[in-house]
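Work through the exercises below with the model in view. Each task is followed by a solution in steps.

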Amino acid sequence: MSAIERCRTAALGGHVERCEACAHLRISYNSCRDRHCPKCQAAAAKEWLANRQAELLPVPYFHVVFTLPGPIADIAYQNKTLVYDLLLKTAAETLITIAADPKHLGARIGLTAVLHTWGSALTHHPHVHIIVPGGGLSPDGQHWIACRPGFFLSVRVLSRLFRRLFLERLTAAYQAGRLQFFADQAALAQPAAFKARLAALRKVKWVVYAKRPFGGPDAVLAYLSRYTHRIAIANSRLVAFDGERVTFKWKDYRAKLDARYKLMTLDADEFIRRLLIHVLPDGFHRIRHYGLLANANRADNIALARRLLGVPDPAPLSADSDRADGGHEDQERNICPCCGGRMVIVETFQPGCQPRLWPIPAIGFDSS
């Protein structure tokens, strides 16, 4: 919260820009660069996206979502590092295992997984979005095996394996004393209660959802640019604040068509509480690559896949990220809003200080 409150204020310092043509002055405060800040993700997303563009293959891409059931999400709320890590790893292993089975695809696949912990109303709803190419390398690495048109893997088979693997690993973590329970979950510290909770979950369907395949590599990039560095709520969804209550837009997926889009008003402290639910543990990586796209051998595997598909390497995108000193997301940040001239930095100031050239000096005032 401290980072977001100080973002783009004098507390972090900044610089003053002046138009070369009309001498218009503009102040730009530095950004906090916190990964949970709604203003500071554009630069990181743009750079990350440029790196991913070079890895795209000319094949259909699929989008698969793995969601934890409510009783497991409650455990995750009090054990975020362990359960979130388990969610990402188990979802990836499920896809890789089923895809390697000759009865399904019989190929070694790669995937990119992105953890989201929120629902549209900022409630706790941990799930993982996975982007996966529609095919993979043969076991001997000599052929590219494509999936069937419009179909990747059976979600029913994925759901069952995901449920079994996750519950096995969660049980192992419990037996090793790695889980903690308190408040309304305190009863789960008793082995009998924990066993009963998991027994009930073995009898219900776990949600694994496969969306329609993307229209092409450009659509994959567009999706990734929206999802990879997204936080629980964007500034664009904020509607009003009267000093005590916050109103924001949200989507009710149980409703149909336009009836889905609604407004919600919360007391400020409840809004902040919901926002802070989704702050990840320090050092936790919410974007991960597995299989052929794992960091260790990704470049070699991508090069091999391209050779087998008979396509050349793509020209890389330009990673023109935001300035480190200003951090503004405005694509026209170097353009004067008055005359269209070029803005150049004429003064920098340290955190906690105010710029000497701001506000604009009066006529005849010697700003030196």
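Buried means under 20% relative accessible area, exposed means over 50%, and partly exposed lies in between. With that cut-off, the buried residues of α3 are Ile-72, Ala-73, Ile-75, Ala-76 and Gln-78. The model used throughout is a predicted one.

**Exercise 1. Describe the protein chain as a whole.**

Step 1. Count the elements: the protein chain has nine helices and 13 strands.
Step 2. Take the extent: its C-alpha atoms fill a box of roughly 80 × 60 × 45 Å along the principal axes.
Step 3. Find the buried share: 47% of the 368 residues count as buried.
Step 4. Look at sequence separation: among contacts between residues at least 6 apart in sequence, 70% join residues at least 24 apart.

**Exercise 2. State which elements cover the buried residues of α3, and follow Ile-72 into the core.**

Step 1. The cover over the buried residues of α3 includes α4, β5, α5 and α6.
Step 2. Ile-72, one of those buried residues, touches Val-83, Phe-166, Leu-167, Leu-170, Leu-201 and Trp-206, leaving aside neighbours within four places in sequence.
Step 3. The largest nonpolar core has 50 residues, and Ile-72, Val-83, Phe-166 and Leu-170 have the most contacts inside it.
Step 4. At least two residues of this core come from each of β3 (61-67), α3 (70-78), α4 (80-100), β4 (110-118), β5 (124-133), α5 (155-175) and α6 (191-201).
Step 5. α4 gives the largest share, eleven residues.
Step 6. Another core, of 20 residues, lies apart from this one; Leu-56, Tyr-61, Trp-144 and Leu-292 are among its members.

**Exercise 3. Decide how α5 is oriented relative to α6.**

Step 1. α5 and α6 pack at an angle of about 175°, and their axes are 11 Å apart.
Step 2. Angles over 145 degrees count as roughly antiparallel, so α5 is roughly antiparallel to α6.
Step 3. On the α5 side the contact is made by Arg-163, Leu-167, Leu-170, Thr-171 and Tyr-174, and on the α6 side by Pro-191, Phe-194, Leu-198 and Leu-201.
Step 4. Sorted by kind, the residues of this contact are seven nonpolar, one polar and one charged.

**Exercise 4. Classify Lys-39 and Arg-274 as buried, partly exposed or exposed.**

Step 1. Lys-39 lies in the loop between β2 (25-29) and α2 (42-53).
Step 2. Its relative accessible area is 35%, so Lys-39 is partly exposed.
Step 3. Lys-39 and Tyr-209 are 170 residues apart in sequence and 30 Å apart in space, C-alpha to C-alpha.
Step 4. Arg-274 lies in helix α8 (residues 268-277).
Step 5. Arg-274 has 15% relative accessibility and therefore counts as buried.
Step 6. Not counting residues up to four places away in sequence, Arg-274 touches Ala-121, Leu-122, Thr-123, Met-264 and Leu-266.

Methods
Residues numbered from 1 in each chain as written. Predicted model: local features only at pLDDT ≥ 70, side-chain atom pairs only at ≥ 80, totals over all residues. Heavy atoms only, no water. Core = buried A, V, L, I, M, F, W, Y, C linked by side-chain atoms within 4.5 Å. Buried < 20%, exposed > 50% of the residue type's maximum accessible area, 1.4 Å probe, protein only. Helix = DSSP H or I, 4+ residues; strand = E, 2+ residues; numbered from the N terminus. Contact = heavy atoms within 4.5 Å. Axes fitted to C-alpha atoms, helices over the stretch in contact; angles between N-to-C directions. Parallel < 35°, antiparallel > 145°, perpendicular 65-115°, else oblique. Nonpolar A, V, L, I, M, F, W, Y, C, P; charged D, E, K, R; others polar.
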